[in-house]
Amino acid sequence: MKSFASAARSFSISTWKSPPAEFRPIPFWVWNDRQEPAELRRQIREMRAQGFGGFFIHSRLGLRTPYLGSEWFRHVKLSVEEAARTGLKAWIYDEDRWPSGFAGGKIAEVPNLDYAGHALACRENDGQPVFAVVRSAPNAWCNGASWPDMLNPKVVSAFLRLTHAQYRKAVGNHFGRTVPGAFTDEPSFIVWDDPNRLQTVPWTKDIEALFKTKRGYALRPRLASLFFDKGNYRRVRIDFYRTITERFVESFAKQINDWCAPRRLITTGHMMEEDTLIAQVRAIGAAMPHYEYFQQPGIDHLGYDLPDTPLLPKQCVSVAHQLGRERVLSELFGACGWDTTIGTLKRSGDWDFALGINVLNQHLAYYSIRGCRKRDYPSSCSYHQPGYPLYKSFNDYFARLSYVLTRGRAVRRILVLHPIASAWALFSPRAPQRVTRLDARFGEFCRQLLEIQRDYDYGDELLLEKYGKIMDGEFVVGKARYRAVVVPSAETWSAHTLALLEKFAAQGGKIISVAPVAGYLDGRPSKALTNFLTGPPVTHLRRTHAAALDRVLASVPRDVHVTRPDGSMVKELVYQHRSCGDREIYFLSFGKSEKAFRACISLDGNGSVDLLDAETGAVTPVPCASKDGCTRFELDVPRHGSKLISLNRGQKSVAPKISIRERTKPLSGSWKIRRLNPNVLALDRVRVKFWESPWTPPMGILGGGPGPISLPNANDLIAKALDSGSILPQWPVFLRFEFHAVLPSAGNLQAWFVLEDPQAMTELQCNGSALRVLDGQWWLDRQFRKCKLGHALRAGRNAIECRVRWIKPTIDGTSRFTMDGTELENGYVIGDFNVVFPRGARAPRIVPAAPLPDDPSADLARAGLPFYSGVIRYERRLNLSKMEASRRCILRFSRPHGEGIRLSVNNRFVRDLWYEPFEADCTDYFRAGGNLIQADLFANLGNLLGLLHHKRPWSDAAHSTNKYLLRPFGLGAAPALVIR
């Protein structure tokens, strides 16, 4: 199979410092409106400038260019050509939204194809089970089609003809070159529109015949065993879910790979619901067997929290390690929210990369944030973000990590058997609790292994049948070799697995079993299995805890050991170790550590140590000492921190450094603080009038689609009035935005009204004066248009009114957006003013611009900038004596309330600060005498587009409030000068 990575896997410092496009992050580039050729090209060039390596062309909510139509493919072709000119890679995403398989609804148009998904339901009638096959019905998400039957190879074949084959036709010779591969997203066999889907099992029309062929007996007389603990239910369930899983693998992942591979197209993406055992049984059978047919397998890590167990990444990384897949993808940062900083995103990325991921797929980079698009699982790595300039260093960081973590080979000496067959044996859709308990027990065990700083792979039994063998006292799976095998607590194992374990034990292999041990072999009672797992030569653990695991694994060489100065083991560590000839690479992540600490690190082997700064590309020797085959050194680890380390075998270690005292000088006092962009007032309440009716009371604007809603709201009020016939389509509908303004004593207030949809909101006026939409002038999004308020603005209450041309945004029965559909959204007033919340007032108001506080610790959200979405510049003069300037001078910031800081000294850029520790060595930028410190703080969009009236993380009406729930904004504290 083709590998996306370079064939040469040695480590090059020069390549690491400037990694090429193939190692750079690849975001989902969200096509979610009507695409314009000039804007497509502009955004591609901008992505290149910000350090991305390419993009996935991804249809999402709000798309107004017909999916897979002639205009769609014209835009694909010009984007691919622009990517080729700029040196980026233009990847395919194979579906309209997700999950893959329905081809944007076109699957329903294939003649003579019985494509709809099936499920088997069971109910009891007078104590007897009654079975019925249910079929997916047409639904809006699939654009009027049904959820497709991914267990039917003919359906998947039709899907390939409708998608991949059409892309190949559109892009010609770029296929397999500028277009390196295709992403498939969340395929499953669930019939999602069935209200009883959690009470069903997967089904397809030929499953009974397939079962009889593969398993040798009839399924129908034993259907009750799938739902009730009747008969030899463990065996029946194992055979059933094995048959379903094998069919799903062959029908979908294998068929797609077989189509892509000879056409030089890399298969990538991830399956549905991979993160627990019970979810896998319900949605995909088992995750790991599918990864065999992904040339670049991947996962989906939603949100910014770090999971309690490593199951999600380790399943995928294990198969990649065993089958020689050099690249492993993670779709990261989905549904984090507009207020999540890129420093928080780094923490999630570090965790995944330390567990074996090496391709960052960012979710998402919006083409547009107009209308509901801004609420489609943000945040976004696009030009809409005030902190978008910081993404260059963010992308450089992950590009360097991606490069170094593909070099050499991964070092993992322990194999943990994966108990998915036990989940099959125990699962009943009527009573899933036993699988839930198995999930918890297995997750806790895997977490404990990480806590004792032992890395490992999982062994899937279906893959062990293909690739497992015993050689020279090692347990071999494909290209991976293991010194020890851990058999976790389970219900059942396969006869093939037992045979491998017995052979491994006979050759002196280390086997550890964990109580309670399995008592079933392929679902049948087996004393032989139980006796083997509890007798010699297996080491049996009756109680599972970290200390006991550490003891029984003592004979397996430890490659890294990290403690605190008091000798306690750092349980928060996850790591990846790669051996690259004479260089051992370690990426250590401490993402779950809530406090900074001093780490005492010991690595296996003698040599010198370098600290690799993945953000800047700097390489710094670390004082260390080698003794007894280990190299020891210490590093300061910040909160949620990570370290990239190179142990250079055979090189002389650097002698321990003599401690140097440091002096900290707080830079409190007066700073010059000013905004560099217009301020903004969010207008998120509105009055509505139908023809000559009176104005309604103020209400929220947003309703209907995804994201935060309020009750009542203008969107739903108008839509329901039209649907019910209370008003006629030809009746005029008006909106009124109201706000209070205090004007300067002299001169006009510079201000503009910004609206998101000027085609739908017409006849604009402010206080009776007509407003004109300015050609080519925009704010935040190139589709958000400006109207100059000028003299129309007055002291006191102001009213901006418009006529609404209301057209339903989507086609009935589908999720397709129409070209002229209306989406009601907030309005915005931007300009040179402050925004305050007077005591007792129900809404914020505009007041004349005033100097910002000169205290760097001030919360600027409470100082006139509650919705601000730009850059704040902090400046201060600093005098240094000649002696001070000759020493190491570090500027240290506390964790800011904002996206990050761009630091300059004496008008020279130093570095971007967007993760802890927020500090920079400025020695080479300072001089004796006067110096100018300039720190530009980037806001994020949380206080503008986030949950302003909802208690996080809720966005429904039940958790809404009339109050504005704003997050702080500002540096948070005075910086300090550290002199060493």
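Two strands are said to pair if DSSP finds at least two bridges between them. Strands (E, at least two residues) and helices (H or I, at least four) are DSSP runs, numbered from the N terminus. The model shown is predicted, so local features need pLDDT of at least 70 and side-chain atom pairs count only at pLDDT 80 or more, while totals for chains, interfaces and linings use all residues. Residues are numbered from 1 along each chain as its sequence is written, and side-chain values use heavy atoms, with hydrogens and water left out.

**View 1. Strand β27 and its two partners.** All seven residues of β27 (residues 583–589) are buried, so the strand is largely enclosed by the rest of the structure. Buried means under 20% relative accessible area, exposed means over 50%, and partly exposed lies in between (1.4 Å probe, protein chains only). In a regular strand the side chains alternate between the two faces of the sheet. Here Arg583, Ile585, Phe587 and Ser589 point one way, and Glu584, Tyr586 and Leu588 point the other way. One partner is β26 (residues 574–580), which pairs with β27 in the antiparallel sense over seven bridges. Within this pair, Arg578 stands opposite Ile585. β26 and β27 form a hairpin with two residues between them, and Gly581 in the turn has a positive phi of about 70°. Another partner is β33 (residues 642–649), which also pairs with β27 in the antiparallel sense over seven bridges. There, Asn648 of β33 is opposite Arg583.

**View 2. An open sheet of five parallel strands.** The strands run in the order β15-β14-β19-β21-β24, with parallel pairing. β15 (457–459) and β24 (539–541) are the edge strands, each pairing on one side only. Neighbouring strands of this sheet are turned by 25° against each other on average, direction ignored. These angles, which run from 0 to 180 degrees, are taken between N-to-C directions of axes, which are lines fitted to C-alpha atoms (for helices, over the stretch in contact). β14 (residues 414–417) joins β15 through three bridges in the parallel sense, with Leu415 opposite Asp457.

View 3. On a 1 Å grid over the protein atoms alone, a cavity is a set of points where a 1.4 Å probe fits but cannot get out; lining residues have an atom within 4 Å of a point. Of its 15 lining residues, Ile190, Arg197, Thr200, Val201 and Arg282 lie nearest the centre. β4 (118–125), β7 (200–203) and α8 (277–283) each supply at least two lining residues, and β7 gives the largest share, three residues. The lining divides into 10 nonpolar, two polar and three charged residues. Ala, Val, Leu, Ile, Met, Phe, Trp, Tyr, Cys and Pro count as nonpolar, Asp, Glu, Lys and Arg as charged, and the others, Gly among them, as polar.

**View 4. Backbone exceptions.** Most residues other than glycine have a negative phi, and most peptide bonds are trans. Pro536 and Pro537 are joined by a cis peptide bond with omega about 5°; Pro537 is in the loop between α17 (527–534) and β24. The bond from Glu916 to Pro917 is also cis, with omega near -5°, and Pro917 lies in the loop between β52 (908–913) and β53 (919–921). Glu763 has a positive phi of about 55° and lies in strand β41 (residues 761–766). Asn907 has a positive phi of about 65°. Asn907 sits in the loop between β51 (900–905) and β52 and is exposed, with a relative accessible area of 65%.

Note on methods:
On a 1 Å grid over the protein atoms alone, a cavity is a set of points where a 1.4 Å probe fits but cannot get out, and a pocket is an open set with protein on both sides within 12 Å along at least five of seven lines; lining residues have an atom within 4 Å of a point.
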